[in-house]
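Biologist: I would like to learn how to read a structure like this one. Please take me through it feature by feature.

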Amino acid sequence: MTYRLLALNIDGTLLRSNSRISRQTKDAIEYAKQKGAVVTLATERPFPSAKKIAKSLKIDHELITHDGAFIASDIEDPVYERRLHEDKAFHIVELLENYHCHIRLLHESFSVGNKVRQKNQLIAKMTIGLGDPVFYPLSFVDSLSEHLLQEPIAPPKIKAQFMNEDDRERAIEELEREVPNIRITRATDDHIEIVPEGVSKARGLQILGNRLGISLNEMVAIGVGENDVDMITQAGLGVAMGNAPENVKQSADWITRSNNQNGVSYMVREVFRKQLRVKL
């Protein structure tokens, strides 16, 4: 099989545990491009954060960001965007504020989050946004719902970080019951991510493929989390990182090494060395 597109998740995939991209991974991405493959990022991160990483890897194609809700190579000219309506965003935030969690509205141009009071009574800003680049405006407010009443926002995505698992599961149940037409994903042990119904990385790959004349069967998708499962199962070659949870590995055609063992580099070299250069 000749693969014409390589889609890479960022966190836990491209990035090692120290949040850096190894030289081996950078070389492997260049190798795939030399073979004629389009390389893109398919990430839960906001567009500015993904764009910063794409620039370091010399990736200039459209990026699939916000879990597939915002696809663009230029923030001012997206090829696809789906947003949570202002009223729906307010409803989601209003429900989440009943739980002890940090909420982040992730617009493509800025982010707004609530302040969280910890046990020591100090106001703490949670670690949910460590991937935000310094040029991505980030603000914190005491009450996110009150902020939205004054300044309505229609974000592509909302993310929440919970203090305990029980709260997270109760919040998911309530959101699924009370808010129609949304997609909720458990991102890590304590996070959830909310996008409009029908949005996914797999759908993003399909949209990008239609623009480039590349079918899903001609794509390689590499990921690590629950929000990568759909693109892993639908791509021609779905790859799970060695550090992925068991359910993600079970969905994959190929399990590569972990992010700290240059799993992307190992997989790319093994797959793309077997094919001749393709012309798009």
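Biologist: In which loop is Gly 68 found?

Modeller: First, the ground rules. This is a predicted model, where local features need pLDDT of at least 70, side-chain atom pairs count only at pLDDT 80 or more, and totals for chains, interfaces and linings use all residues. Residues are numbered from 1 along each chain as its sequence is written, and side-chain values use heavy atoms, with hydrogens and water left out. Helices (H or I, at least four residues) and strands (E, at least two) are DSSP runs, numbered from the N terminus. Now the case: Gly 68 sits in the loop between S3 and S4.

Biologist: What does Gly 68 touch?

Modeller: Contact means heavy atoms within 4.5 Å. Not counting residues up to four places away in sequence, Gly 68 touches Tyr 80, Val 199 and Ser 200. The C-alpha atoms of Gly 68 and Arg 203 are 6.9 Å apart, although 135 residues separate them along the chain.

Biologist: Now the backbone. Where is His 66, and what is its phi?

Modeller: Start with the general idea. Most residues other than glycine have a negative phi. His 66 has a positive value, near 50°. His 66 is in the loop between strand S3 (63-65) and strand S4 (70-72). With a relative accessible area of 0%, His 66 is buried.

Biologist: Which residues does His 66 touch?

Modeller: Beyond four places in sequence, its contacts include Thr 43, Glu 44, Arg 45, Leu 106, His 107, Pro 156 and Val 195. As for distance, 23 Å separates the C-alpha atoms of His 66 and Gly 213, which are 147 residues apart along the chain.

Biologist: Which loop holds Asn 262, and what is its phi?

Modeller: Asn 262 lies in the loop between strand S16 (254-255) and helix H10 (263-272). Phi of Asn 262 is positive, near 55°. Asn 262 is buried, at 15% relative accessible area.

Biologist: Let us turn to helices. How far does H7 reach?

Modeller: The expected span of a helix is 1.5 Å times one less than its number of residues. Helix H7 (residues 201-212) has 12 residues and reaches 16 Å from its first C-alpha to its last, close to the 16 Å expected. Its buried residues include Lys 201, Ala 202, Leu 205, Ile 207 and Leu 208. Just after H7, Gly 213 has a positive phi of about 75°.

Biologist: What do the buried residues of H3 pack against?

Modeller: They pack against helix H1 (10-14), strand S2 (38-41), S3 and S4. In helix H3 (residues 47-56), the buried residues are Phe 47, Pro 48, Ser 49, Ala 50, Ile 53 and Ala 54.

Biologist: Is Asp 167 buried or exposed?

Modeller: Asp 167 counts as buried, at 10% relative accessibility. Asp 167 is part of helix H6 (residues 165-178). Setting aside residues up to four places away in sequence, Asp 167 touches Tyr 99, His 100 and Phe 162.

Biologist: Where does Val 79 lie?

Modeller: Val 79 is in the loop between S4 and strand S5 (80-81). At 29% relative accessibility, Val 79 counts as partly exposed. Apart from neighbours within four places, Val 79 contacts Glu 62, Ile 71, Ala 72 and Arg 211. Val 79 and Tyr 99 are 20 residues apart in sequence, and their C-alpha atoms are 36 Å apart in space.

Biologist: Now the whole protein. What is its radius of gyration?

Modeller: The radius is taken over C-alpha atoms, and the globule rule is 2.2 Å times the number of residues to the power 0.38. For 280 residues, a compact globule would have a value near 19 Å; the protein has 19 Å, which agrees. The C-alpha trace spans about 60 × 35 × 35 Å along its principal axes. The protein has 10 helices and 16 strands.

Biologist: What percentage of the residues is buried?

Modeller: Buried residues make up 56% of the 280. Among contacts between residues at least 6 apart in sequence, 63% join residues at least 24 apart.

Key
Buried means under 20% relative accessible area, exposed over 50%, partly exposed in between (1.4 Å probe, protein chains only).
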